[in-house]
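Thank you all for coming; I would like to take you through one model this morning, beginning with a pair of helices and then turning to a sheet and a ligand.

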Amino acid sequence: MADYRTMWADLGLNLEAHDGLLAVLGKAYGDLFLSQPNRPDGMKYFDFVMGEVHGLRIKELLDAKAQGRKIVGSYCTFVPEELILAVDGISVGLCTGADFATDLVDQVLPRNTCSLIKSAFGFKLGKVCPYVEACDLVVGENTCDGKKKAYEILRQFIPNLYIIDLPQVKSEPGKALMRAEYRRFAAQLEQLSGRKLETAKLQAAVATVNAKRAALKRLAALRRADPVPISGLDSLLISQISFYDDPARFTNAVNLLCQELEQRVARGEGVFPSRHPRIVISGCPMAVPNWKVPAIVESSGAVIVGEEGCVGERSWRWLTPETGQSVQEIIDLLADRYLQIDCAVFTPNPSRPEYVREITSERKADGVIHYTLQFCQPYQMEAGPVVQQLEDASIPTLRIDTDYSQEDAAQIRTRVEAFVERLRP
Ligand code: BJ8
């Protein structure tokens, strides 16, 4: 990596802490990803992006800012990237996948807060995230109670924080709230960027994001094959990168990778042997660099063939109809599209367990791991009915409640190994 220290210092990062973070990340990446056998050549692009995640990509963002473009960060898949792109903005997901500055976080948040929320605070308070420091606007959302109350506190540290209010019920009033809130967010973006939303730009933005989601769907469909042509770890990594790479460039790289994987499938070539136990993971999002459970699964004799999570299928399952002919009509279509997301904050939420069953069958998975973060009430509460429905359908299921520490890694490995034994033919 080139020398970006001046850039990081100008962003206000704590260089010593940041060096420590990059060293840990670089080692984990080498150990978990680069060591995998028979990786597709197309992964080289994503390795490059990861290698430059705090370097070249940040420089690109800062260069774009210098040209007047705005950087908008978000913590949730309910934040519509299309609106940001349509005002020539750049949308970035903000890191929430590792513990950092826990001593500082514990001073402002209760200890029994989920790791994902603590991590968002840790990266900000520890001054190690160049993305959050580069943002002109950071967008939060009223989803779970933990997040919505945490944002009240986060505002002390991120004054340019904007909150989208979200419905909790998929009813007509819920839909009306969603549409109204997306209009309010659109107005905020117009004010931030000094640009009026135009139909043609919004149509182009919808097409860009649809193309990205279609490429991710194409990749997912290739994971039906046996042997599977790409590992779950690499697939998860691609989903993680989808949140901060340039969308058109990313889409192109995913499609190139898919071409290669199609050839692999035609040749019957995979990253694991045929009839390797196949697992779908369902539950809380796994933001970069939260690789603990997938790494354990794929080094315990199984392969992951689908992620029912927001860093995965819940973020790209639905495309937006490209039929809108006015700004207001397109905003409504976007609101309706995003309202389909079946996050556990909705009540009731029947489509989520249905979809877990659907992908388990479609990917020919042998079992499901239901993954939740400790203190995540929505997903932990929903785990009961989801697991029950899977067991009723004779789909073996393992429940894992964990956090971002490595303290339970050995115990999780023991449970996963026993589960994988159960799945063997
Ligand atoms: S759309 S899943 S990204 S809210 S893990 S903070 S739910 S206590 S992350 Fe999420 Fe948007 Fe939903 Fe997806 Fe709360 Fe649970 Fe923590 Fe969570």
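Predicted model: local features only at pLDDT ≥ 70, side-chain atom pairs only at ≥ 80, totals over all residues.

Let me start with α11 and α16, which are roughly parallel to each other, because an angle under 35 degrees counts as roughly parallel, over 145 as roughly antiparallel, 65 to 115 as roughly perpendicular and the rest as oblique. Helix α11 spans residues 199–222 and helix α16 residues 327–339, and they pack at about 25 degrees with their axes 9 Å apart. Contact here means heavy atoms within 4.5 Å, and among the residues making it are L202 and V206 of α11 and I330 and L334 of α16.

Residues are numbered from 1 along each chain as its sequence is written, and side-chain values use heavy atoms, with hydrogens and water left out.

Now to the open sheet, whose four strands have the order β6-β5-β7-β8 with parallel pairing, where two strands pair if DSSP finds at least two bridges between them. Its edge strands, β6 (303–308) and β8 (397–402), each pair on one side only. Five bridges join β5, residues 278–283, to β6, and S282 stands opposite E308 in β6. Helix α17, residues 351–362, packs on this sheet and touches β5, β6 and β7, its direction making about 165 degrees with that of β5.

Finally, of the 17 residues around the ligand, C76, C144, C310, C343 and C376 come nearest, a residue being near if one of its heavy atoms lies within 4 Å.

Key
Axes fitted to C-alpha atoms, helices over the stretch in contact; angles between N-to-C directions. Helix = DSSP H or I, 4+ residues; strand = E, 2+ residues; numbered from the N terminus.
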